[in-house]
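User: Hey, could you walk me through this one? I'd like to start with the charged pairs and then look at the strands.

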Amino acid sequence: MMPSDRRRTVRAAAMLFFAWLAFYLLQAAISMALPPRSALAPRDWLAIDVTIAALWTGLSAAIVRWHAKVRAYTPNPLLVGLAHVPLLVIAAVTDAWLARLVIHILNPATAAIPFWATVFYYADFDLVSYVAIVAISEALTMRRAAAARERRERRLETAMQRARLDILEMQLGPHFLFNALGTVAELAHEAPASAAFMLRQLAASVRAALGTRRGEVTLGEELVAVEPYLDIQRLRFADWLRLDYRIDDSCVDCLVPRFVLQPLIENAIRHGLRGRERPGTIEISASIDSGSLLIRVSDDGVGLGRTGTNGHGIGLSNVRERLRILYGGEDRVRLIDSAPGAVAEIRVPVRRRGDANLLVAEHELDADDGSIATPAPSASRPRVAATRAAIIGGAWLTCAAVWAQQSYFYLFLRHRLDASSWSEIIRFDGSNAGLWMILTPAVLWIVPRLHDRVASAWARAVTHAVLAILVTLLHVELLRRLTAPGSALFSSIYRTNFIVDLVVYFVLVAIASRASLAAWIRARDESAEDLSRQLATLEARASALQTVPSALLTAVDRIAENIGRDEEVTERQLARLGDYLRAALDTTSDDGTTPERRRRLDNAAAELRASGVSLAAAPT
């Protein structure tokens, strides 16, 4: 066992011991407060309570382990209950034996009573204590299972975000090529060597983007990766384009999404150089502002209002969506109409290598995560109500029978049967159970609503403590009126009831919490199934997109080799490549692959091959 595990075990054992000690000290306080008062001195009570608390701390560990083994073997509640009977008997016998031993050591003159009378005297305490351990264990198991379901859902959501990001990143390469083909076609006639250079730079730019599979790169790496694209623009516009850089040194090692600058620069060129009669300037700047990396690509052109939009409609929207996935729902892309020109601005958190990676799924835990089988789906409301009523009624009728038998055997072993008749025993224990049969639905109804409205654990604990006292007082008062109206509420007659009722309340809290968690787990399982289906769809789209860039790069390399040899062939190949790009982008859009889109893609691939350009792969 690792030191940290050992510390957690010791801490849990200490907390459990003090919880049991508090319970038995409360029992001792009630015994000393209610007339006739106990003959034991406070220090004797403390010694007894410390000993019994230590015993039940050990028993709790054994009961929890046994319950886990039984639950793993069978989920049937009846079989689970029967499997606990032997350990319950062992616990009751051990508790009685140890209590007698400590009392004898502390006060040897104490009158001895039959051993089995002691066992039956403490039987109700032992029973509710045992049931409380099982109920709390079951609630904690459900809580761990709920946490495991929540982790699984987060992993699926992270995987979906990662798949979406991969799709968006892989869409940029074909989009980038598509938007540049017109310029290449123009240059193929006028300057074949320049057209071939442009195609090779296009391929280099796409390869640079695809070669980095990390979601983020440093700004310095991104500036280097965008250089092939800038070379293309310098070639296209020659004396018409000037590029200025204002990059703060502190920004160079900041992390940014890969392939994020090219769409911003493309947007600036579209707005900055269209419709003007003199050379233009594009400025790329980066600075740190209020803990954020601020990247701006500005131009001195005609502004946003006087330019249309070209391209395939992916560029800036692609960047906006990728930033949303990586950094949150806030819109981190701004287009500003300045005087003159326009500014495309993005703002992302300052992050550097060594910081926690984004969109990294949680590792599966090898240790026990509380995983359980998915709870059965809820039946119809009337059926659920009828089943719950039957279970509550059956459980409390069983308790009434057990309590009556306990009372009878205790009186029998103490030779006191003449003090109480069977009818009195049945009346008292039947009324006791009957009142709880009425109060149980109310408690089960209150608990989940209380948990929904009170978020703080301490506030819940205080509220439950107050409710436990109120429910106990109500139950005992009603029991007094039904069975012994002339007796006092705070008397030794109800000493056991005060203690048992408090435990019963918290057992019902554990049961209600388990039921709420079971419903929550069902909802999480349904959500996880839906997320799994969505993830499978996204992964299929990502798989289809993965083959597009490799096929395109093969085609681009082949066309670059042929430029200048035959203008007619080159023109046809570029046109067919454009058709293929358009079909590929349509196929991998959010609407997915349809038979019609698939047919168009196959036709475009066939026509591209017919033009003399082979494809290494095609999306499936």
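User: What does glutamate 477 form a salt bridge with?

Analyst: Glutamate 477 pairs with arginine 480, and their closest N and O atoms are 2.9 Å apart. A salt bridge here is a side-chain nitrogen of Lys or Arg within 4 Å of a carboxyl oxygen of Asp or Glu. Keep in mind that this is a predicted model: local features need pLDDT of at least 70 and side-chain atom pairs count only at pLDDT 80 or more, while totals for chains, interfaces and linings use all residues. Residues are numbered from 1 along each chain as its sequence is written, and side-chain values use heavy atoms, with hydrogens and water left out.

User: Where do glutamate 477 and arginine 480 lie?

Analyst: Both are in helix α13 (residues 457-483), three residues apart, or about one turn of the helix. Helices (H or I, at least four residues) and strands (E, at least two) are DSSP runs, numbered from the N terminus.

User: Are glutamate 477 and arginine 480 buried or exposed?

Analyst: Glutamate 477 is buried, and arginine 480 is too. Buried means under 20% relative accessible area, exposed over 50%, and partly exposed in between (1.4 Å probe, protein chains only).

User: How many salt bridges does the structure hold?

Analyst: It holds 24. One of them is between the side chains of arginine 71 and glutamate 138, at 2.9 Å, N to O. That pair links distant parts of the chain: arginine 71 is in helix α2 (residues 42-73) and glutamate 138 in helix α5 (residues 123-190), 67 residues apart.

User: Why does arginine 71 count as partly exposed?

Analyst: Because its relative accessibility is 23%. Glutamate 138 has 9%, so it counts as buried. Arg71 and Glu138 are also linked with Arg514 in a network of salt bridges.

User: What about arginine 524, which residue does it form a salt bridge with?

Analyst: Glutamate 153, with the closest N and O atoms 2.7 Å apart. Arginine 524 lies in helix α14 (residues 495-562) and glutamate 153 in helix α5, so this pair ties together parts 371 residues apart in sequence. Glutamate 153 counts as buried because its relative accessibility is 10%.

User: OK, strands now. How many bridges join β2 to β4, and do they run parallel or antiparallel?

Analyst: Seven bridges join strand β2 (residues 241-247) to strand β4 (residues 280-289), and the two run parallel. Two strands pair if DSSP finds at least two bridges between them. Isoleucine 247 stands opposite alanine 286 in β4.

User: And which way do β4 and β5 run?

Analyst: Antiparallel, with eight bridges joining β4 to strand β5 (residues 292-299). Serine 285 has arginine 296 in β5 as its bridge partner. β4 and β5 form a hairpin with two residues between them, and serine 290 in the turn has a positive phi of about 55°.
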